[in-house]
Amino acid sequence: MSKRLGLVLGSGGARGIAHIGVLDWLDEHGFQVDSISGCSMGALVGGIYAAGQLSTFKQWLLALEKSDVIKLLDFSFQSDGVLKGDKVINLLRELVGEYRIEDLPIHYTSVATDIDTEREVWFREGPLFDSIRASIAIPGVFTPVEHQGRRLVDGGLLNPLPIAPTFAADVDLTLAVNLCAPNDPRFESQELTDNHPQETDSYRQKVVNYIGKLYDDFEKAVSDGLQFYDIFNQSIDTMQGALSRMKLAAYPPDITLDVPRNICSGYEFYQAESLIDFGYQLAQQQLGHLVETSENAN
């Protein structure tokens with residue numbers, strides 16, 4: 001049995017780190033990824049994988065602490081977004097290197113949204129990290145990207161699981177990793193995310209303290225803003241969950257791996273170890289039979 005795959009990596013904030021575990025499992029078991037379509041965090045992980053730099057990115061994520069995540073917040077204080085997003089993108093450019101999409105060894109598509117025309121924008125050429133920056137521009141959180149006269153925001157606004165870009169791929173199976181699956185009761189107790197019991201300050205309070213050192217008058221505003229972000233993030237998850245179900249019904253892939261929405265909060269990037277392991281184990285549970293079938297055929 002051939003193992004050539006078209007891979008669809010969905011949107012979902014820090015949950016997207018689970019994509020790395022899935023990719024690790026695929027690599028270890030001899031699968032060949034010929035095509036990747038990604039949105040938001042899926043575009044980020046998929047693009048870095050296509051560039052052959054996933055191991056470098058993974059090691060950086062595994063070293064992240066809460067304070068490191070906070071340091072990457074570059075506040076814009078503009079009406080069209082709280083964060084500029086330049087810090088993290090520039091750091092990734094230095095970490096991974098500069099690539100153009102058309103030069104990647106894997107067919108790659110990142111998806112953004114034209115906020116004015118209400119249409120998807122597919123990036124299949126041009127600078128890799130420019131396309132990723134557009135795809136991760138969560139409305140109201142990251143400032144939009146100006147590109148060829150268009151204002152681009154997160155592709156998950158219209159298509160959190162971009163399956164259609166894989167249709168032309170000459171592959172044997174299409175695998176979608178859906179980060180917007182319904183909540184799983186196993187994670188209601190926060191077992192996955194409680195990896196730093198010694199840190200008693202909440203993430204919200206750490207952010208408040210950091211900003212308060214620079215802008216004393218902003219403490220209450222930032223606290224209120226982060227409370228709003230929690231609600232906003234849940235609202236986005238609900239919307240993207242509904243959109244993902246519609247996309248899966250309209251364009252069913254051969255296999256779907258479901259990552260529950262409550263596995264972690266959207267900003268808990270410092271939980272990389274647990275999230276990567278979750279993705280790896282999910283792939284083992286759901287895809288292990290493909291390896292067994294191939295071995296039996298041989």
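# Rings, charges and a buried serine

Modeller: Let's start with the rings: there are 4 aromatic pairs in this structure, counting rings of Phe, Tyr and Trp (its six-membered ring) whose centres lie within 6.5 Å. Planes under 30 degrees apart count as stacked, over 60 as edge-to-face and the rest as tilted.

Biologist: Thanks! Before we go on, what kind of model is this?

Modeller: It is a predicted model, where local features need pLDDT of at least 70 and side-chain atom pairs count only at pLDDT 80 or more, while totals for chains, interfaces and linings use all residues. Residues are numbered from 1 along each chain as its sequence is written, and side-chain values use heavy atoms, with hydrogens and water left out.

Biologist: Got it. Back to the rings: why is the pair of Trp25 and Phe31 called tilted?

Modeller: Their planes are at 35° and their centres 5.6 Å apart, so the pair counts as tilted. Another aromatic pair, Phe57 and Trp60, is stacked, with 6.0 Å centre to centre and 25° between the planes.

Biologist: Where do Phe57 and Trp60 lie?

Modeller: Both are in helix H3, residues 54-62. They sit 3 residues apart, about one turn of the helix. Helices here are DSSP runs (H or I, at least four residues), strands are E runs of at least two, and both are numbered from the N terminus.

Biologist: And are Phe57 and Trp60 buried or exposed?

Modeller: Phe57 is buried, at a relative accessible area of 1%, and Trp60 is buried too, at 19%. Buried means under 20% relative accessible area, exposed over 50%, and partly exposed in between (1.4 Å probe, protein chains only). Trp25 and Phe31 are buried as well.

Biologist: Which residue lies over the face of Phe31?

Modeller: That's Lys3, at 5.5 Å from the ring centre. The rule asks for NZ of Lys or CZ of Arg within 6 Å of the ring centre and within 35 degrees of the ring normal.

Biologist: New topic, then. How many salt bridges are there?

Modeller: The whole structure has 10, each being a side-chain nitrogen of Lys or Arg within 4 Å of a carboxyl oxygen of Asp or Glu. One of them joins the side chains of Arg4 and Asp34, at 2.9 Å from N to O. This pair links distant parts of the chain, with Arg4 in strand E1 (residues 4-9) and Asp34 in strand E2, 30 residues apart.

Biologist: How accessible are Arg4 and Asp34?

Modeller: Arg4 is partly exposed at 24%, whereas Asp34 is buried at 15%.

Biologist: Last one: where does Ser37 lie?

Modeller: In strand E2, residues 32-39. Ser37 is buried, with a relative accessible area of 1%.

Biologist: What does Ser37 touch?

Modeller: Its contacts (heavy atoms within 4.5 Å) include Leu7, Leu9, Val111 and Pro162, leaving out residues up to four places away in sequence. A polar atom of the Ser37 side chain lies 2.8 Å from the backbone oxygen of Pro162.

Conventions: Polar contact = N/O pair within 3.5 Å; in protein donor to acceptor, adjacent residues only side chain to side chain.
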